[in-house]
Amino acid sequence: MALPAAAWAEPSDWQSLTPAQKQLLAPVGTQWDQLPDDSQDMLLHIAQRYPDLNAEEQARVRERIGRWASMTHEERERARENYKRFKAMSPEARARVVQQVKGHQGKIR
């Protein structure tokens with residue numbers, strides 16, 4: 001069930017979320033009302049796009065929301081900064097980083 005942009009643009013309290021949003025965002029449910037507006041907005045945007053993703057992408061989103069929920073405030077800030085740096089890189093540099101990360105993931109698993 002995709003929501004219109006206005007439905008996710010303004011963060012709101014947990015009780016006002018739809019059942020579908022609550023189900024997807026359950027890992028952050030106990031933290032929801034304390035999350036900064038920008039985090040709520042990001043998560044609501046993800047929930048709005050979720051139904052249009054394929055099964056593999058949906059599984060990845062659920063896994064990432066679970067990881068996000070377990071992160072401390074400092075870890076989330078560090079992740080945001082890393083993402084900003086990554087997006088500022090040239091496409092070639094981003095591709096190199098992706099390959100490096102994929103190489104390390106294979107060693108960890």
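This is a predicted model: local features need pLDDT of at least 70, side-chain atom pairs count only at pLDDT 80 or more; totals for chains, interfaces and linings use all residues.
Me: Which residues of H3 are buried?
Reply: An α-helix has 3.6 residues a turn, so residues three or four places apart point the same way. Helices are DSSP runs (H or I, at least four residues), numbered from the N terminus, and buried means under 20% relative accessible area with a 1.4 Å probe, protein chains only. In H3, the buried residues are Ser39, Gln40, Leu43, Leu44, Ala47 and Gln48.

Me: Which residues have the most contacts inside the largest nonpolar core?
Reply: A nonpolar core is a set of buried Ala, Val, Leu, Ile, Met, Phe, Trp, Tyr and Cys residues joined through side-chain atoms within 4.5 Å. The largest one here has 16 residues, and Leu24, Leu25, Val28, Trp32 and Leu43 have the most contacts inside it. Its largest share, 4 residues, comes from H4.

Me: How do the axes of H4 and H5 cross?
Reply: Two packed helices are described by the angle between their axes and the distance between the axes. Here the axes, lines fitted to C-alpha atoms over the stretch in contact (heavy atoms within 4.5 Å), come within 8 Å and cross at roughly 130 degrees, on a scale from 0 to 180 degrees between N-to-C directions. That makes H4 oblique to H5, since angles under 35 degrees count as roughly parallel, over 145 as roughly antiparallel, 65 to 115 as roughly perpendicular and the rest as oblique.

Me: Which residues of H4 and H5 meet?
Reply: Trp68, Ala69 and Ser70 in H4 meet Glu75, Arg76, Ala79 and Arg80 in H5.

Terms used
Residues are numbered from 1 along each chain as its sequence is written. Side-chain values use heavy atoms; hydrogens and water are left out. Buried means under 20% relative accessible area, exposed over 50%, partly exposed in between (1.4 Å probe, protein chains only). Helices (H or I, at least four residues) and strands (E, at least two) are DSSP runs, numbered from the N terminus.
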